[in-house]
Amino acid sequence: MTPTPPRPAFKPLKPLDDALAQLLAYAQPLARTEQVTTFEADGRVLAQDLVSGLHVPPQDNSAMDGYAVRCADLVAMPVPPLPVSQRIPAGSSGSALAPMTVARIFTGAPIPAGADAVVMQEDCEVHDNASVSINTALQPGQWIRRAGEDVSRGAVVLRKGERLTPASLGLAASVGMNVLAVSARPKVALFSTGDELVMPGTVPPQDMPPGAIYNSNRFFLKALLQRLGCEVSDLGIVPDDRTATTDALRSAAAQHDLILTSGGVSVGEEDHIKPAVQSLGHLDLWQIAIKPGKPFAYGWVGAGAEAGAHFIGLPGNPVSSFVTFLLLVRPFLLKLQGVSQVAIAPVAARADFTWSRADKRREFLRVKRNASGGLDLFPNQSSGVLTSAVWGDGLVDNPPGQTIAPGDVVRFVSFAELLA
Ligand code: AMP
Ligand code: MG
């Protein structure tokens with residue numbers, strides 16, 4: 001009697017949260033920084049705290065076009081017309097306001113010494129531009145923007161590890177910064193694998209050979225990497241061949257921080273990525289309990305921490321590739337750039353659909369917000385159907401084993417947040 005061969009030990013797939021925590025631990029921020037002009041810093045990550053050298057606004061100034069007054073002059077109602085003793089446009093500074101006079105003042109102009117309120121011109125009656133009657137009650141301080149009310153001198157306006165937005169560029173400029181220290185762009189080598197792949201533009205649709213498909217992953221992956229501030233080396237398509245794969249990975253490792261591949265990371269004989277990485281370095285993470293996106297891999301290509309590059313292998317199926325990029329590669333790349341806050345919190349939303357095919361894995365369903373604020377489901381959730389990611393405006397993060405009925409509250413993450 002032949003003995004039963006030993007069965008491989010069952011290895012449960014890694015939960016997404018564990019995989020992400022592990023990835024983020026590997027993603028130690030790059031040490032390189034660079035100086036860029038504030039104009040060019042949108043989306044970059046600040047490499048040091050930004051401290052303000054002045055108050056913003058620098059001095060008390062008018063919030064309105066109108067007249068600067070001394071409240072003490074206006075206690076008697078009705079007040080006699082008061083002469084206009086000076087004119088202060090924005091960009092100039094007036095002199096001390098003489099008692100029982102007003103100053104013509106414009107939005108942004110400094111409040112003259114002695115004045116303690118501004119009356120907007122709509123509340124004044126002007127006589128020949130020479131004197132003004134004021135017929136409203138006054139509050140001391142009204143329509144005055146105080147020095148330092150936005151930023152005070154010495155305050156940290158932006159912190160190291162913050163990703164710069166258009167508004168933060170404006171804030172940096174408001175404290176006088178025309179150049180900012182930011183983390184260097186991660187250098188990423190991008191490969192697609194698969195002998196079936198054809199580049200759009202090389203073969204017209206009517207001439208595509210049997211079994212061939214266009215390489216779509218390469219396009220969205222490159223765009224996603226660029227959005228995240230990476231310097232991308234697009235290294236094309238690697239054939240399904242062990243030597244070619246090993247050579248491509250080896251030569252990319254020296255000049256890059258990360259090698260990102262799509263396809264070839266499953267369990268078939270034509271999947272050469274995994275053994276190639278193992279032969280050049282090590283594989284630290286493989287297969288995650290999510291759908292789509294199970295065959296995700298992380299490792300290191302190269303001899304040691306100094307010489308080599310991070311490796312991330314994405315599944316070949318386009319939606320799997322897209323979703324795993326957003327859930328795992330995005331936070332990884334932000335952390336490499338020193339971003340302190342990489343997590344995205346799902347929000348509660350109402351499902352306006354039925355999902356009866358509960359899966360063992362945590363599932364990310366392509367959905368779209370409808371006019372009544374609920375979520376509609378794309379009818380085909382196959383991992384090859386890229387239309388779902390274009391039609392949808394986000395993902396429902398559905399726990400393992402969970403069915404969904406109309407009216408259920410689900411966890412929703414928008415693509416807008418995941419693509420920012
Ligand atoms: P793989 O992970 O290599 O087994 O590929 C899984 C599926 O994704 C196969 O149907 C491939 O043809 C498809 N695929 C792999 N790479 C790409 C790509 N770059 N663009 C479009 N489809 C791809
Ligand atoms: Mg393949």
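How far is the sulfur of C71 from the closest cysteine sulfur, and in which residue is that sulfur? This is a predicted model, so please keep that in mind. In it, the closest cysteine sulfur to that of C71 belongs to C124, 13 Å away. A disulfide is a covalent bond between the sulfur atoms of two cysteines. The cut-off for counting one is 2.5 Å between the sulfurs, so at 13 Å the sulfur of C71 is too far from that of C124 for a bond. A search of the whole structure turns up zero disulfides.

Are these two cysteines buried or exposed? C71 is buried, at 12% relative accessible area, and C124 is buried as well, at 15%.

Now the ligand. Ligand 1 takes up the space of the largest pocket. Around ligand 1 there are 15 residues, and those that come nearest are E196, N215, S216, G264 and G316. By type, this shell divides into four nonpolar, nine polar and two charged residues.

Which atoms make the polar contacts? N215 uses its side chain: a polar atom there lies 2.8 Å from a nitrogen atom of ligand 1. S216 uses its backbone, with a polar atom 3.1 Å from a nitrogen atom of the ligand. For G316, a backbone N or O atom is 3.1 Å from an oxygen atom of ligand 1. On its own, ligand 1 has 480 Å² of accessible area, and the protein covers 77% of that.

Conventions:
Residues are numbered from 1 along each chain as its sequence is written. Chains are lettered from A and ligands numbered from 1 in the order in which they are written. This is a predicted model: local features need pLDDT of at least 70, side-chain atom pairs count only at pLDDT 80 or more; totals for chains, interfaces and linings use all residues. Side-chain values use heavy atoms; hydrogens and water are left out. A residue is near a molecule or strand if one of its heavy atoms lies within 4 Å of it. A polar contact is a pair of N or O atoms within 3.5 Å; within protein, one must be able to donate a hydrogen and the other to accept it, and residues adjacent in sequence count only if both atoms are side-chain atoms. Accessible areas come from the Shrake-Rupley method with a 1.4 Å probe; for residues, only the protein chains shown count as cover. On a 1 Å grid over the protein atoms alone, a cavity is a set of points where a 1.4 Å probe fits but cannot get out, and a pocket is an open set with protein on both sides within 12 Å along at least five of seven lines; lining residues have an atom within 4 Å of a point. A molecule sits in a cavity or pocket if more than half of its atoms lie within 2 Å of its grid points. Ala, Val, Leu, Ile, Met, Phe, Trp, Tyr, Cys and Pro count as nonpolar, Asp, Glu, Lys and Arg as charged, and the others, Gly among them, as polar. Buried means under 20% relative accessible area, exposed over 50%, partly exposed in between (1.4 Å probe, protein chains only).
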